Amino acid sequence: SKADLEKIIENEKKFNIIIDDGSHFSRHQIFTFQCLFKSLEENGIYIIEDVMTSYWKFGNWDGAYVDDAEFKSTCVGYFLNLARYVNYDEFENNLDVSKEEEEIVRSIGSIFFEKNLIIIEKSKRTRGTPSVSRLKGFVST
């Protein structure tokens, strides 16, 4: 529950790493992330295990087929959408996210999709492309 998660945040303050190995329902995985991500330290890691349930549309699971419009409401679908904004600071237009999501989007340094696992790195973002001098050796001139 939100009250339980807020109590954990109040008692523990900030986290370096959070591993969600909870109910495996997409709605719970997304809800937990939205509650706890703000308490993750900068450069912290948030891991969500067992995201294969995003693809399970049988029984009482809240998954969806990957080509179904409902897939965006699954855990994997939610993070695929957030991944679109990893380079938000390069956008020429405004972010198309809610105020609640904007804080999250502006704090994500990277999102990794692994087999049944999503890893999110929290990172302070600065606007603009890194200078060429910082990329020396990586950029051909």
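Lysine 57 is partly exposed, its relative accessible area being 41%. In this predicted model, the side chain of lysine 57 meets that of aspartate 68 in a salt bridge, with a distance of 3.5 Å from N to O. Both residues lie in the loop between β2 and α3, so their pairing ties together parts that are 11 residues apart in sequence. Aspartate 68 is likewise partly exposed, with a relative accessible area of 26%.

Another of them joins aspartate 62 to arginine 27, and here the closest N and O atoms are 3.1 Å apart. Aspartate 62 is located in the loop between β2 (40-49) and α3 (75-83), whereas arginine 27 is part of helix α2 (residues 26-36); the pair therefore ties together parts that are 35 residues apart in sequence. The two partners are classed differently by accessibility. Aspartate 62 has a relative accessibility of 19% and counts as buried, because the term applies under 20% relative accessible area. Arginine 27, at 47%, counts as partly exposed, since the exposed class begins over 50%.

The remaining pair involves arginine 106 and glutamate 102. These residues form a salt bridge in which the closest N and O atoms are 2.8 Å apart. Arginine 106 has a relative accessibility of 35% and therefore counts as partly exposed.

Terms used. Residues numbered from 1 in each chain as written. Predicted model: local features only at pLDDT ≥ 70, side-chain atom pairs only at ≥ 80, totals over all residues. Heavy atoms only, no water. Salt bridge = Lys/Arg side-chain N within 4 Å of Asp/Glu carboxyl O. Helix = DSSP H or I, 4+ residues; strand = E, 2+ residues; numbered from the N terminus. Buried < 20%, exposed > 50% of the residue type's maximum accessible area, 1.4 Å probe, protein only.
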